[in-house]
Amino acid sequence: SVRRFVDAEIVPHIEEWEEKGELPRSLFRKAGELGYLGIRYPEEYGGGEADFFSTMVVCEELGRSRSLGVANSLMSHAEMSAHFINVHATPEQKEAYLRPAIAGEKILSLGITEPNAGSDVASIETTATRDGDHYVINGSKMFITNGSFSDTIVLAARTGKSGRHRDISVFLFDTTTPNFSAARLKKIGHHMSGTSALSFEDCRIPADRLLGEEGRGFYAIMNTFQTERLVVSAYGLGAAEKVYEDALQYARDRIAFGRPISKFQVIAHKLADMAIELEASRQLMYHAAWLYQEGKEYRKEVAMIKVHAARVSHWLADTALQIHGGYGYMVEYPVSRVYLDTRGGSIGGGSSEIQKEIIAKLLGL
C-alpha cells in the first residue's frame, strides 16, 4: 500500500518539490487519508493503533522514493512531533492538535535544536517566561525540519534557572503567533524538507499550551529521540536498498569491453558487499525496533543502529554512484540525490559521535 502511494503520489513530483524547497500540503492530506500519519496512534483520534513495525514499513518505503527530504518531512511530522503529543498531551490538546495532525490537516515540526545547542539539549537558551495566563517565548531555533511551512511547533524552551536540564519545558506553539518568523535554509541535501531558522520575539502563547509537566521536558525529549533514531535509520536504509537495486540493474544493462559490467569480478563483489551490509543492517534495525516495541532495554541497540545505518546507507549510495560511473555524477540520476541526502544521516537526529558516547556509557566505559 505504501509503495503504491510512493510510486503514484511522490516519485513523479520529486524534482518539482526539490526545486520549491518544501512539500505541498496536499501530500500530507493524502498521507493522512491513507492512515500513514497516525498508523500507531489511538483510534479515538483517527489513528490505526498498529504496532511499531508498521511504522518501520512506512519509513522504509518512503525512503525508497529516493528522496530523504520527503521521508524526513513526513516522519518529522508523524513520528517525532506527533509522537510527542500522543505521549504527553492532555485529551483536550490531543483533540486540538493530534487529530488534525493524523489527518494531515495540521502540519507539525519539532523545535529543539538551536544555533548554540544541537545534541547538547540541556544548553538550549530559548526562554518561556510565565506572565499570568500566558508564556512569553524569546529565542531562536536552527535546522528545524518543516519549519518554513508547519502550523504548530512542538517547542522546547527554558522555564527556570535552577539547573541545565531541570528547567526545560515543551509547548505547543502555533506559527500564527505574532512576532514569530521562519527563514528557510539552503542545504546540500534534503532540499524539500523546509529546514529553517526560527525566531521568537516576545511571542505570547496561552499557558494551556504547555505539554506535560513544567520543567520535565528534557526527559520527555530524550525518550522521543529514541523513536527518531529508529525512524531515521529505517528511511535511510530504505533509500539505500533502492539505489542498490538501481546499481544492480545498471550493472546488468551497462556493456563495457563486450559484456555487462556485472560480469566483472570487481563489480560483482561490490554488489555482493552491498547486499551483505544491507541485510545485516536491516536485521540490527528490526532487532532494535523489536526491543523498543516490547518495552525491553533498547537504548544501546537504538544508538548502534543509528550509527550503523547512517554509515552504511551513505556507503551504499557512494558505491552505487561509483558503479553508475559518469552517469551517477549527473543530477538527473537519483543516486546522486541519495548520495547527498544520506550524508546527513550521521549528523541529524543525534550525531554519530553522540551515539557512540551513549553506547560507551551503556557498556560501562
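Of the 37 residues of helix α7, 29 are buried, so the helix is largely enclosed by the rest of the structure. This is a predicted model.

**Nonpolar cores**
- The largest nonpolar core has 90 residues.
- Those with the most contacts inside this core are I10, L74, M75, I85 and I221.
- A second core is separate and has 16 residues, including A128, I137, I144 and I153.
- L74 touches L23, L27, F28, L37 and L62, leaving out residues up to four places away in sequence.
- In soluble globular proteins, nonpolar side chains tend to be buried together.

**Length of helix α7**
- At 1.5 Å a residue, the 37 residues of α7 should span 54 Å.

**Second largest pocket**
- The volume of the second largest pocket is about 160 Å³.
- Its lining consists of E18, E19, K20, G21, R184, L185, K186, K187 and H191.
- Six of the lining residues are charged, two are polar and one is nonpolar.
- Helix α2, residues 14–20, gives the most to this lining, with three residues.

- I112 sits in the loop between β1 (108–111) and β2 (127–131).
- I112 counts as buried because its relative accessibility is 7%, under the 20% cut-off.
- Beyond its neighbours within four places in sequence, I112 is in contact with V121, I124, K141, I144, A156, I221 and F225.
- I112 and V154 are 42 residues apart in sequence, yet their C-alpha atoms are 8.2 Å apart in space.
- A207 lies in the loop between β7 (196–206) and β8 (210–211).
- A207 has 18% relative accessibility, so it counts as buried.
- Residues up to four places away aside, A207 touches R130, D133, H134 and Y135.
- A207 and G132 are 75 residues apart in sequence and 8.2 Å apart in space, C-alpha to C-alpha.

- T319 is part of helix α9, residues 299–324.
- T319 is buried, at 7% relative accessibility.
- T319 is in contact with K270 and M274, leaving aside neighbours within four places in sequence.

**Positive phi angles**
- Most residues other than glycine have a negative phi.
- R66 is not a glycine, but has a positive phi of about 70 degrees.
- R66 lies in the loop between α4 (52–63) and α5 (68–88).
- R66 is buried, with a relative accessible area of 17%.
- F143 is another residue other than glycine with a positive phi, near 60 degrees.
- F143 is found in strand β3, residues 134–144.
- F143 is exposed, because its relative accessible area of 55% is over the 50% cut-off.

Technical notes
Residues numbered from 1 in each chain as written. Predicted model: local features only at pLDDT ≥ 70, side-chain atom pairs only at ≥ 80, totals over all residues. Heavy atoms only, no water. Core = buried A, V, L, I, M, F, W, Y, C linked by side-chain atoms within 4.5 Å. Buried < 20%, exposed > 50% of the residue type's maximum accessible area, 1.4 Å probe, protein only. Contact = heavy atoms within 4.5 Å. Helix = DSSP H or I, 4+ residues; strand = E, 2+ residues; numbered from the N terminus. Expected span 1.5 Å × (residues − 1). 1 Å grid on protein atoms, 1.4 Å probe; cavity = no way out; pocket = protein on both sides within 12 Å on 5 of 7 lines; lining within 4 Å. Points joined across faces, edges and corners; volume = space filled by probe spheres on them. Nonpolar A, V, L, I, M, F, W, Y, C, P; charged D, E, K, R; others polar.
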